[in-house]
Amino acid sequence: IFVLMPSPFTHLLLNWNQNENHRPMPWKGEKDPYKIWLSEIILQQTRVEQGWAYYEKFLKNFPTIFQLAAAKDEKVFKLWEGLGYYNRCKNLLFTARHIVKEFKGKFPNSYEGLLLLKGVGPYTASAIASFAYNLPHAVVDGNVFRVFSRFYGIATPIDTKEGIEIFNKIAFENLSTTQAGIYNQALMDFGATICKPMAAQCPSCIMQKKCKAFTQNQVNLLPVKLKSIQKKNRFFDFFIFKYEDQFLIQKRGDGDIWSNLFQFYLIENERVAAIDKKYIQKFILEPLAIATKNIISLLPSAVYKQTLTHQQIKARFIIIQLDKKPALFAKALWVKKEGFKKYPFPKIVNDFLKMALAKGKSGFSL
């Protein structure tokens, strides 16, 4: 019988994993595809340190996929609040309900079947397939790109078609087909704790003698990334309409940041605009048919900032105290400030609310 021998890299990695890898994580060694899927969706675009608490919180509230599928959208989004990239949460709910409805709560047990699930790409499908079913599929993420780029001394940019093809091929060639799940987890742990982006632990690295980047003094030069992210500046003015002890909030739609989260009435500008009578007349009074006499007070906040992957958000909050509800918003969602905790808001809104609701700590109060 012909047995494919592990590559030198694979042999060293599995040896390191057995003897030196002590990285604790609650989903490590997990075989339940629901829990693996949940952890992988949470960890997309999220550091392990942050995702850990969310993973435990979700499992406490939804121990099985049936409970997640039956949950109200607002409850799930509220639990997700602070993780960002809210399309992940939307896809999480959609997929949970799809699996319960179409597959009676059982996850597909093949890579191809997993790949058909909404929100599951090649990386996540490979992770679930290898961790839950020990199927021979290699995971390829930023950690993997970095480790292989350094070990093999490859300067091909990782964010090009050629680079992706090269590193996917290397990942498959080094995969332990008999211990796929253990190998994949070990590789990610190695990239996160030893072959780190900055301050790589080369002096204590088991790969040191065979690592081309180390022997050629190129560790800090690899991997190579071709494209740099250009951040777009966006300027938001949130108008907080207050009538007696109620506030107007609105649910954001799809197609932009913060999908399905709640916010106050929003005006977006191309630059920071002066909040004067002309501005209020143009964007509030005329469009919403609000008479000047119906406005009791108008108070703007300081500028709040939130940095996203491709965007820098700068926001102000302006309280408009009304003596009657605008006809346009008569049937809209009005809540008391005690009700804010029921609805998921973007971080920048929560930052403002935390300040505004802190009694005695600020002159700016709701």
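Tutor: Start with Tyr85, which is partly exposed because its relative accessible area is 39%, a value between the 20% and 50% cut-offs. Bear in mind that the model is predicted. Tyr85 is not a glycine, yet its phi is positive, about 45°. Most residues other than glycine have a negative phi. Tyr85 sits in the loop that runs between α5 (73–80) and α6 (87–103).

Now go to Trp258. Its phi is positive too, about 60°, and again the residue is not a glycine. Trp258 lies in the loop between β2 (246–251) and β3 (262–263). Here the relative accessibility is 5%, so Trp258 counts as buried.

Next, a peptide bond. Most peptide bonds are trans. The one joining Leu222 and Pro223 is cis, with omega about 0°. Pro223 belongs to the loop between α12 (212–215) and β1 (232–243).

Last, a helix pair. Helix α2 (residues 33–43) and helix α3 (residues 48–61) have axes that come within 9 Å and cross at roughly 140°. The two helices are therefore oblique to each other. Their crossing is right-handed. On the α2 side, the contact is made by Tyr34, Lys35, Leu38, Ser39, Ile42 and Leu43. The α3 side supplies Val48, Gly51, Tyr54, Tyr55, Phe58 and Leu59. By class, the residues of this contact are nine nonpolar, two polar and one charged.

Note on methods. Residues numbered from 1 in each chain as written. Predicted model: local features only at pLDDT ≥ 70, side-chain atom pairs only at ≥ 80, totals over all residues. Heavy atoms only, no water. Axes fitted to C-alpha atoms, helices over the stretch in contact; angles between N-to-C directions. Helix = DSSP H or I, 4+ residues; strand = E, 2+ residues; numbered from the N terminus. Parallel < 35°, antiparallel > 145°, perpendicular 65-115°, else oblique. Left-handed = near helix turned anticlockwise from the far one by under 90°. Contact = heavy atoms within 4.5 Å. Nonpolar A, V, L, I, M, F, W, Y, C, P; charged D, E, K, R; others polar. Buried < 20%, exposed > 50% of the residue type's maximum accessible area, 1.4 Å probe, protein only.
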